[in-house]
Amino acid sequence: MGTERAGLVEISEPLLPEDENAVALDAEERIPEWKEQITIRGLVVSAILGALFCIITHKLNLTVGIIPSLNVAAGLLGFFFVKSWTGFLTKLGFSVKPFTRQENTVIQTCVVACYGLAFSGGFGSYLLSMDEKTYKLIGEDYPGNRAEDVKNPGLLWMMGFIFVVSFLGLFSLVPLRKVMVVDYKLTYPSGTATAMLINSFHTNTGAELAQKQVSSLGKYLSISFFWSFFKWFFSGVGDSCGFDNFPSLGLTLFKNTFYFDFSPTYVGCGLICPHIVNCSVLFGAIVSWGFLWPFISQKAGDWYPADLGSNDFKGLYGYKVFVAISLILGDGIYNLIKIIAVTIKQVCSIRQSLPIIKDVTDANTSKLLMEQKKRDEVFLKDGIPFWFAASGYVCLVAISMAVMPMIFPPLKWYLVLCSYIIAPALAFCNSYGTGLTDWSLASTYGKIGLFIIASLVGSHGGVLAGLAACGVMMSIVATAADLMQDFKTGYLTLSSPKSMFVSQLVGTAMGCIIAPLTFWLYWSAFDIGSPDSPYKAPYAVIYREMAILGVQGFSELPKHCLAICCGFFVAALIINLLRDVTPKKVSQYIPIPMAMAVPFYIGAYFAIDMFVGTVILFVWERINRKDAENYAGAVASGLICGDGIWTIPSAILSIFRVNPPICMYFGPSASS
């Protein structure tokens, strides 16, 4: 869920098309009532797409931990499915309700709420770090790693936990929707870009482009699916066969994980993520696997015992995990302080500034003011009462105080209550920061809760309590930010905030069932969490080690590990500072520490794939920028979705012990 989601979007076009066929925001347009915006067909489509995106999110979470924004794909596929359905029924002679942009917005909101729980639910991070496999991987004799702090995944308790914590974020900031969207006029770049996309679909020219985008998505989805199917035949039994272990850059670099593994998912991520994210990942891979780990491995016998296993935390493996943690914490703490400071500054400036009355001098200004007035009227019309939000939050807190200690005994009811008292303030900070920067720091707030609760509880249950508290905090701040982002989308598409809120509730309820079920598919079919498996679940080990650090401190780190970690922690702070103080023409080339951290632990192979994706996009933009802007997202979504869909038959084959017939293996020739 993992790292923060990559969703930086630049908006270079007007929100509404200016051609004569555009859907104008005039007084003549009929806005459906909020109940009419939520339809049975929309909910069915939302459930199908929610399941698909949960599968994709789990795959990314359990492999590399980088999750690109799939909001555009959700809006596009929602439009395609409902348009196809209504077109089919119309041809059969049935009368169907028109498909409005409000209904399109509700579908997109519902889908994002559903698959968002695959991230904030911790299936690749804090929940998985509680299991026995992660406990044994760290070492049964490792200080602070206690067998009592183990809780293996189970469908019922995971569903119960997600139900308890996921709805609180929706109620925590509802009363502030007018302040955030109308008064402060926060941009929420991803929400605004999604609104622009949905508004464009519901014009003649926009619908034509949407059909072409869907066609492109379907084409590359098919290519990706059949390529993954083809690769399966050569993947053999074990983890060293097939195209996933193709030494495309030579055997020497292959030993240091530098190779292209022909993954459509990672190439698609490279097409979606900004160039600087992909280059940062590659830079992190070069620093770690190109220089740092080979250097430390030469110190075996001096810095650490030479006869340790490859996954022993007292050896090289420990350096990999703790250096990655130091980069993640350095980046997270810097951005947390920065966004809190920006938030305080903005709030103070808004309170001190006087309203500016602007005379209407021309037709264009008058039209813009009328559009804004209509949006404000629609947004404020269907209010959500304060008493409803407050009573909902209090009831959910009471339920959570009773249920959480039953699921996680070390997490006492008073610790749960303290978490929920401070959670709305943190949710506001995260939502405000997301509105300004489009960067949600949900996992950073979760880590803060993890360290605080783990240290408070201590050695007897602190690890389990800290991980559970991380889930509480992360879920609340993530869902609150998502809700405000959806309110912004609804504001710009003239959708009722009440329908937005209800669709978030429905999507969250779907996610509480679909996210654990789709995770269970992976858990039953694949070797999750093994360092030699494709599904390494890198953040499971990292989160458990953070909890142990919160309880034990730094006394058990390998030789010089603390000094190296401090160096990289300070480096993360300095790099972020340089990104902020240098001119944009310089800062755009400075890497992002959070993105650099991922390959330190996982390896360099996925960085090569993502870099291939960014090179393809770069060349495409140089050849035809307009086409790249229109179709790159659709192509990337197709590559990711096709590979994700193949996971379902692959998992079924694995459950029934049907193995690939061929093992394609590469090794040095006999002469060498």
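Is Lys-136 buried, partly exposed or exposed, and at what relative accessibility? Lys-136 counts as partly exposed, at 45% relative accessibility; buried means under 20% relative accessible area, exposed over 50%, and partly exposed in between, with a 1.4 Å probe and protein chains only.

The model is predicted: local features need pLDDT of at least 70, side-chain atom pairs count only at pLDDT 80 or more, and totals for chains, interfaces and linings use all residues. Residues are numbered from 1 along each chain as its sequence is written, and side-chain values use heavy atoms, with hydrogens and water left out.

**Salt bridges**

The structure holds 10 salt bridges, each a side-chain nitrogen of Lys or Arg within 4 Å of a carboxyl oxygen of Asp or Glu. Three of them are listed here.

| Pair | Closest N to O distance |
|---|---|
| Glu-132 and Lys-136 | 3.2 Å |

Glu-132 and Lys-136 both belong to helix H5 (residues 132–138), where they are 4 residues apart, about one turn of the helix. Helices (H or I, at least four residues) are DSSP runs, numbered from the N terminus. Glu-132 is partly exposed, with a relative accessible area of 35%.

Lys-133 is partly exposed at 33%, and Asp-527 is partly exposed at 40%.

Lys-338 counts as partly exposed at 30% relative accessibility, and Asp-580 is partly exposed at 38%. Salt bridges that share partners join Arg-146, Glu-148 and Asp-149 into one network.

**A buried glutamate**

Glu-621 lies in helix H25 (residues 605–623). Glu-621 is buried yet has no salt bridge, and the nearest side chain of opposite charge, Arg-622, is 4.2 Å away. For charge, Lys and Arg count as positive and Asp and Glu as negative, while His and the chain ends are not counted. The side chain of Glu-621 does make a polar contact with the side chain of His-275, at 3.3 Å; such a contact is a pair of N or O atoms within 3.5 Å, one able to donate a hydrogen and the other to accept it within protein, and residues adjacent in sequence count only if both atoms are side-chain atoms.

**Disulfide**

The count comes to 1 disulfide, a disulfide being a pair of cysteine sulfur atoms within 2.5 Å. Cys-241 is joined to Cys-663, with S to S at 1.8 Å. Cys-241 lies in the loop between helix H10 (204–232) and H11 and Cys-663 in the segment after helix H26 (625–655), so the pair ties together parts that are 422 residues apart in sequence. The torsion about the S-S bond is about -75°, so the disulfide is left-handed. Cys-241 is buried at 6% relative accessibility, whereas Cys-663 is partly exposed at 42%.

**Nonpolar core**

The largest nonpolar core has 188 residues, and Phe-53, Phe-161, Phe-408 and Leu-411 have the most contacts inside it. Such a core is a set of buried Ala, Val, Leu, Ile, Met, Phe, Trp, Tyr and Cys residues joined through side-chain atoms within 4.5 Å. Helix H19 (residues 462–492) gives the largest share of this core, 19 residues.

Conventions
Helix = DSSP H or I, 4+ residues; strand = E, 2+ residues; numbered from the N terminus.
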